Amino acid sequence: MTKAAIVILAGTEGHENLGRIANGLEAAKEFAENDEDDLELIFDGAGTQWIPELEDEDHDYHDLYMAVKDDTSACDYCSGAFGVEDAVADAGVVTLDEHDGHPSIRSLVDDDYEIITF
């Protein structure tokens, strides 16, 4: 069994960040499709801005996002800092705040997750 934590840090501005979200979601989907794998997809920092974008059914990556949404969470602090707190809540995405309002990367490492960032 593989345990993977994919952390999306890239914001919504710029062509290179569009590539990062596409690659991050594709990687997450690969793990999600294997029943033996354990996936955590975490939107952190400016990456939290993607949630309202991807919730839009007209977004090019909406279907890909929906394929991994059950494994998705977001940084509680960063959702507020980047002004998407309400959109994250409306999407039903769980927020993480184990370490001063942020997800605990140490806990993921302690639980033997491989950390992959985009």
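Six bridges join strand 1 (residues 3–8) to strand 2 (residues 38–43), and these two strands run parallel. Strands here are DSSP E runs of at least two residues and helices are H or I runs of at least four, both numbered from the N terminus; two strands pair if DSSP finds at least two bridges between them. Ala5 has Glu40 as its bridge partner in strand 2.

The model is predicted: local features need pLDDT of at least 70 and side-chain atom pairs count only at pLDDT 80 or more, while totals for chains, interfaces and linings use all residues. Residues are numbered from 1 along each chain as its sequence is written, and side-chain values use heavy atoms, with hydrogens and water left out.

The open sheet holds five strands in the order 4-3-2-1-5, with parallel pairing. Strands 4 and 5 stand at the edges with a single partner strand each, so one side of each lacks a neighbour in the sheet. From one strand to the next, the twist averages 30°.

| Strand | Residues |
|---|---|
| Strand 1 | residues 3–8 |
| Strand 2 | residues 38–43 |
| Strand 3 | residues 72–75 |
| Strand 4 | residues 94–96 |
| Strand 5 | residues 114–117 |

Helix 1 (residues 15–32) packs on the sheet and touches strand 1, strand 2 and strand 5; contact means heavy atoms within 4.5 Å. The direction of helix 1 makes about 160° with that of strand 1, where axes are lines fitted to C-alpha atoms, for helices over the stretch in contact, and angles run from 0 to 180 degrees between N-to-C directions.

Ala74 lies in strand 3. Its relative accessible area is 0%, and Ala74 is therefore buried (under 20% relative accessible area, with a 1.4 Å probe and protein chains only). Leaving aside neighbours within four places in sequence, Ala74 has contacts that include Phe43, Ile51, Val94 and Leu96.

Notes
Buried means under 20% relative accessible area, exposed over 50%, partly exposed in between (1.4 Å probe, protein chains only).
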